[in-house]
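These notebook entries record what I looked up in one structure. I began with charged pairs and then turned to other features.

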Amino acid sequence: MLTDNVYQEDHIPTQLERFWRSYRSNNLAMFGLWCLILVVLLTLVSPWITPHDPQAQSSELLLPPSWNPQGTVEYFLGTDDLGRDILSRLIDGSRFTFGAALIVTLIATVIGCAIGVLAGMTKGLLSSTLNHLLDTVMSIPSLLLAIIFVAFLGFGEFNILLAICLALIPRFIRSIYIAIHAEVEKDYIMAARLDGANDIYLLWHSIIPNILVVIASEITLALSIAILDITALGFLGLGAQASSTEWGAILGGSVELIYLAPWTVTLPGLAIMFTVVVINLVGEGVRQALNAGTE
């Protein structure tokens, strides 16, 4: 093979290239990545690809899915008790479940990581007080914490998302705080300090690259928790109401039909389960690839 490299030097892969090679070698993680990309694309283009109006009612009540002899291809996943197309409602509901969870997780990640970094780089009474306060908050399940915030903020989709975001932020603060404190005590940080490195340089070039595994794990867990909390609150009637296409609200509105028309309950449940499993597959692949790069 012809080349213009005079010295025939071997190409040294960058950290990003090493990460992608390790991630690409994991077939299960790649499957999860392609499925996650599909879910993201469906969420982005959902208003334009729904075969029917998600709120439009018809005379075809409780029509089974198309693979059932009584079903039709026009309503591929069947209809609910008001004659609304289930496929259109699931596609449209991805914006209110997966899209909203993604935005909430992104905001919680930015705020939680920023506070966690500031807390982790400090010492003394402030650090100790914050540590015990976060221990207390973390002892409360996120769903219960979200319900408590809803009780103060009131009902409504915006208040639900704000409550879930506030419930997720302490998780990031606690995890980043512990990870940075563990890194600061290591010998290479002490050696770098003696060499004249300041806190900002150490944080950007030494500490953060070594806690990327923690950050990736927390983002994956927080996104899964956000989806489950949004759907749980919708199911309980505290979040999106029955007419909404949010997956939890669809599940809650159809739960009494589980024996008469089980597809109205199982299909939204499968959509929730599929999304959460795919997110965890991607997160586990990222964690393993980052661990392989550090090892």
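**Entry 1: Charged pairs**

I found that the side chains of Asp80 and Arg84 meet in a salt bridge, at 2.9 Å from N to O. The model is a predicted one.

I searched the whole structure and counted 3 salt bridges. Another one joins the side chains of Asp92 and Arg95, at 2.6 Å from N to O. These residues stand 3 residues apart in helix α3 (residues 86-120), so about one helical turn separates them. Asp92 is buried at 9% relative accessible area, whereas Arg95 is partly exposed at 33%.

I also noted a salt bridge between Arg287 and Glu284, whose closest N and O atoms are 2.5 Å apart. Both residues belong to helix α11 (residues 263-294) and are 3 residues apart, about one turn of the helix. Arg287 is partly exposed at 27% relative accessibility, and Glu284 is partly exposed at 33%.

**Entry 2: Helix α2**

Where does the kink in helix α2 lie? I located it at Thr43, shortly before the proline Pro47; the angle is about 45 degrees, and the helix covers residues 27-49. Thr43 is one of the buried residues of α2, which also include Met30, Leu36 and Val39. At the start of α2, a side-chain oxygen of Asn26 comes to within 3.2 Å of the backbone nitrogen of Leu28.

**Entry 3: Cysteines**

How many disulfides does the structure hold? I found 0. Cys113 is in no disulfide, and the nearest cysteine sulfur, that of Cys165, is 12 Å away. A disulfide requires two cysteine sulfur atoms within 2.5 Å, so this distance rules out a pair. Cys113 is buried, with a relative accessible area of 14%. Cys35, which is among the buried residues of α2, has a value of 10%.

**Entry 4: The whole chain**

I recorded 11 helices and 0 strands in the chain. Of its 295 residues, 43% are buried. The C-alpha trace spans about 75 × 65 × 30 Å along its principal axes. The accessible surface is about 16,300 Å², and 68% of this area belongs to carbon and sulfur atoms.

Technical notes:
Residues numbered from 1 in each chain as written. Predicted model: local features only at pLDDT ≥ 70, side-chain atom pairs only at ≥ 80, totals over all residues. Heavy atoms only, no water. Buried < 20%, exposed > 50% of the residue type's maximum accessible area, 1.4 Å probe, protein only. Bend = angle between axes of the 7 residues up to and from the residue. Helix = DSSP H or I, 4+ residues; strand = E, 2+ residues; numbered from the N terminus. Polar contact = N/O pair within 3.5 Å; in protein donor to acceptor, adjacent residues only side chain to side chain. Areas by Shrake-Rupley, 256 points an atom, 1.4 Å probe, with all protein chains shown as cover. Salt bridge = Lys/Arg side-chain N within 4 Å of Asp/Glu carboxyl O.
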